[in-house]
Every structure is written in C-alpha cells, then in structure tokens.
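Have a look at the model below and turn it around a few times before reading on. We'll take a walk through it together.

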Amino acid sequence: MKTIEENHAGSYQASAVSAEEAVFPILLALSFSHLLNDTLQSLIPSIYPMVKDSFHLTFSQIGLITFTFQLSASIFQPLVGLYADKKPQPYALAIGMCFTMLGLISLSMAPSFEIILLSVALIGIGSAVFHPEASRIARMASGGRHGMAQSLFQVGGNAGSSLGPLLAALIILPFGRFQIIWFSLVALLAIIILSKVGGWYKRNMHLTRKKSGNGTTNEIVQHLSKGKVAFSIGVLLLLIFSKYIYMASLTSYYTFYLIQKFGISVQSSQIYLFIFLFSVAAGTFVGGPVGDRIGRKYVIWISILGVAPFALLLPYCNLFWTGALTVIIGLVLSSAFSAILVYAQELIPGKVGMVAGLFFGFAFGIAGIGSAILGKLADSTSIEYVFWVCSFLPLIGLLTGFLPNLERKKSKV
C-alpha cells in the first residue's frame with residue numbers, strides 16, 4: 001500500500017509535467033496582469049496631492065477616498081471567492097478589469113469630489129473580482145509549489161504598485177489629471193491577456209477538482225480542532241491588520257510626511273514613494289519560496305516582527321535615513337502576505353477562493369479604514385504624529401508565536 005507521501009509525490013510529478021508545458025506561462029500572465037492591475041490602482045494615492053489642492057480637500061477627505069476604494073474591494077472579494085469556489089467563472093477576470101477601465105475614464109474627468117469617490121469605487125470592484133480569482137488560478141497552476149506561485153503572482157502586483165507613483169510623477173502631475181484616461185489602454189491590454197487566461201482556465205477546470213495543496217498538510221490540519229483553526233485564522237487576520245495599517249500610513253501619507261517634515265517638492269516625494277514601493281516589489285518574491293522551504297511561520301515571524309526596530313527608528317531620522325529605512329521596511333515587510341495566505345489556505349483546505357477573498361478583502365478593507373482614521377488623526381494632530389503612532393504596529397508580530405507549527409507537526413505524521 002502506498003503511503004500518503006508516495007501518493008503525493010506521484011501527483012506532484014504529474015503536476016510538474018503540466019507546469020513545464022503550460023503552467024508557468026499562465027503564472028507569468030497572471031503576474032503581468034497583476035502588475036497592470038496594481039499599476040492602475042496605485043495611480044489613486046499618487047494623485048492625492050493634486051486632487052487635494054484642486055478640490056481643496058482635507059486629510060479626512062483624502063482618507064475617505066482610500067476608504068471608498070478599499071471598502072468596495074474588500075466587501076466583494078470574499079463573496080466573489082466563495083461564489084467561484086462553487087461555480088467557477090473563467091472569464092470573471094476580464095469582466096472585472098472592465099470595471100477598472102470605466103473607473104479610470106471617470107476619474108480622469110471627475111468634476112467633483114463625489115464623482116472621484118464613485119470612480120475609485122468602480123476600480124475597487126474590479127480589484128474585488130481580480131484578486132481572489134487570479135489567486136485561485138495561480139494556485140491551480142502552481143504544480144504543488146503554492147508559495148512560489150503566490151509570490152510570483154504577488155511580485156507582479158507590488159511591482160505595479162511601485163510604478164504608479166513614478167508614472168504619476170512623469171505623466172499626470174506635469175500635464176494634468178485628464179492624462180489618466182490614457183491608462184485605460186493599459187486596462188484594455190489586461191482585458192485581452194485575462195481573456196486568454198480565462199480560456200486556459202475553462203479548458204483546465206478539471207484541475208480544481210483534484211486534491212489542492214499538500215496531502216500531508218491536510219492530514220495535519222485534520223488533527224487540529226476547529227477552535228484551533230479559527231483561533232489561528234484570527235491571529236493571521238491580526239497580523240494582516242498590523243501589516244496593512246502600517247502600509248496604509250506609507251502608501252497614503254508618505255508623500256505628505258516628506259513634504260511637511262523635509263520641505264521637498266511633490267515630484268520628489270513621488271520618487272521617494274516609488275523607491276519604497278519598488279523595495280516592496282523586490283522583497284515580495286522571497287516569502288513564498290522561502291516559506292516552501294523552511295516553513296511559513298518562520299517567514300511570518302521575520303517579515304512582520306523583523307520590521308519593528310526599523311519602524312520604531314523611522315520618525316527620528318533625517319531625509320537620507322528615512323529613505324534608507326523605508327527601503328529596508330519594504331523589503332522585509334513585503335514577504336508576509338504570500339506566506340500568510342498560503343498558511344491560511346493550508347488551514348482550510350478546499351476553500352482556496354474563499355480564503356483568498358477573505359484575506360485580500362480584509363487587507364483592502366482594513367487598509368481603507370486605517371487610511372480614513374489616520375487622515376482624521378493627521379487633521380487633528382500632524383502627519384509626523386501619525387507616523388510615530390504607526391511605528392508600534394509591527395510589534396503585533398509577536399502574536400505569530402501562537403500559530404501552530406505545521407512543518408514541525410509534519411515530520412511527526
């Protein structure tokens with residue numbers, strides 16, 4: 001009789017053959033589409049200084065823009081993931097990108113603050129469809145290397161997030177907000193690519209009925225009580241809370257912080273934001289493959305708690321060291337999400353889309369709520385005070401110690 005490990009090895013070899021022929025092109029297409037998607041999304045915070053001046057907005061209203069975008073994305077993502085777990089929709093990715101394209105066109109011509117909110121909500125809906133479904137296809141195309149697949153998928157998104165501020169500094173800020181309309185062509189390119197991915201998904205939907213994930217890991221999870229699984233999911237969500245509130249302080253308010261504290265120009269501040277977001281992209285790919293090798297819990301430890309010393313130092317640094325520390329923070333912190341997501345998918349096997357939607361949705365939602373609260377706090381105090389308060393958030397990484405060590409248990413099964 002074959003052991004669980006031997007059966008899994010056989011299924012892995014079969015998956016590996018598929019990976020050589022078709023999977024990696026699909027993973028690269030998903031990663032590139034994620035780059036395009038998140039480039040478009042990152043235009044939103046990149047134009048905050050411009051819209052703040054032209055519409056005479058407060059920091060609270062800036063926070064409300066982020067809140068609207070993140071909330072529209074977060075509410076629908078778990079629902080999209082749960083629905084698609086039961087009834088897969090091969091062309092949902094292309095349809096979601098159509099919402100993003102409409103939002104960009106509307107944003108370029110928005111005559112009022114209210115239309116800006118509507119525009120970013122449309123972009124958020126596109127994101128709500130994209131992330132859980134693309135994450136599902138990435139896992140399906142992983143050939144068993146789930147951490148690698150998620151990191152490859154994520155690195156495209158983070159690279160795109162870093163490009164938004166740079167493109168805004170080069171194209172939108174010098175020539176006006178209407179130039180956003182040209183980025184709808186980027187959305188059109190993504191629609192074409194995602195239509196091709198949808199065709200592959202439709203032809204290979206039988207793969208979703210195969211055992212997802214590591215059979216040994218599923219065996220381990222069966223030995224965990226429902227209470228322990230629920231508690232672990234709660235810890236993971238708190239870690240997401242720590243990561244994304246801190247990231248919200250940087251993505252939404254870093255430019256204002258640099259302008260207010262160091263007196264640099266708006267375009268210079270966008271370059272600093274690009275450098276930070278590029279460091280996030282560069283560090284993203286590390287978490288998944290390393291988690292596949294040494295265990296995801298260790299990656300989570302290093303990624304979130306390891307940022308704490310640098311975050312605590314940041315409010316006391318000059319301009320040079322502020323830029324240097326944010327690069328380190330971006331490199332270290334960015335490896336967390338892939339490890340957290342795959343760890344959660346191993347805790348709840350068979351619910352890939354629902355788990356992806358839950359964690360992407362929670363990340364977007366908490367970032368939106370956090371951005372709105374931080375904007376209100378900045379109005380009543382100062383941007384510098386906001387960064388001081390947020391510097392303590394990575395200490396929540398201590399909660400990682402309460403997570404079950406699946407890799408250690410694996411050796412005992």
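What follows starts with the whole chain and then visits a few spots along it.

First, some housekeeping: this is a predicted model, so local features need pLDDT of at least 70 and side-chain atom pairs count only at pLDDT 80 or more, while totals for chains, interfaces and linings use all residues. Residues are numbered from 1 along each chain as its sequence is written, and side-chain values use heavy atoms, with hydrogens and water left out.

So what is the chain made of? It has 17 helices and zero strands. Both are DSSP runs numbered from the N terminus, with helices being H or I of at least four residues and strands being E of at least two. There are 413 residues, and 56% of them count as buried. Buried means under 20% relative accessible area, exposed means over 50%, and partly exposed is in between, using a 1.4 Å probe and protein chains only. Now take the contacts (heavy atoms within 4.5 Å) with a separation of 6 or more: residues 24 or more positions apart account for 85% of them. Leu64, in helix α3, gives you a local example. Leaving aside neighbours within four places in sequence, Leu64 is in contact with Phe113 and Leu117. With a relative accessible area of 32%, Leu64 is partly exposed.

Tyr316, Tyr385, Trp388, Val389, Phe392 and Leu395 make a nonpolar surface patch of about 570 Å². A patch takes residues with over 30% relative accessible area and no salt bridge, joining like charges within 9 Å and nonpolar side chains (Val, Leu, Ile, Met, Phe, Trp, Tyr) within 5 Å. A salt bridge here is a side-chain nitrogen of Lys or Arg within 4 Å of a carboxyl oxygen of Asp or Glu. One member, Phe392, lies in the loop between α16 (383-390) and α17 (406-410), and counts as partly exposed because its relative accessibility is 39%.

Next come the rings. A search of the whole structure finds 12 aromatic pairs. Rings of Phe, Tyr and Trp (its six-membered ring) pair if their centres lie within 6.5 Å; planes under 30 degrees apart count as stacked, over 60 as edge-to-face and the rest as tilted. Tyr253 and Phe256 form a tilted pair, 6.5 Å centre to centre with 45° between the planes. About one helical turn separates these two, because they are three residues apart in helix α9 (residues 226-262). Both Tyr253 and Phe256 are buried. Together with Phe59, they form one aromatic cluster. Lys52 lies over the face of Phe59, 4.7 Å from the ring centre. For a charge to sit over a ring, NZ of Lys or CZ of Arg must be within 6 Å of the ring centre and within 35 degrees of the ring normal.

Finally, find His56, in the loop between α2 (48-54) and α3 (59-86). His56 counts as exposed because its relative accessibility is 68%. Its phi is near 55°, a positive value in a residue other than glycine. Most residues other than glycine have a negative phi.

Conventions:
Areas by Shrake-Rupley, 256 points an atom, 1.4 Å probe, with all protein chains shown as cover.
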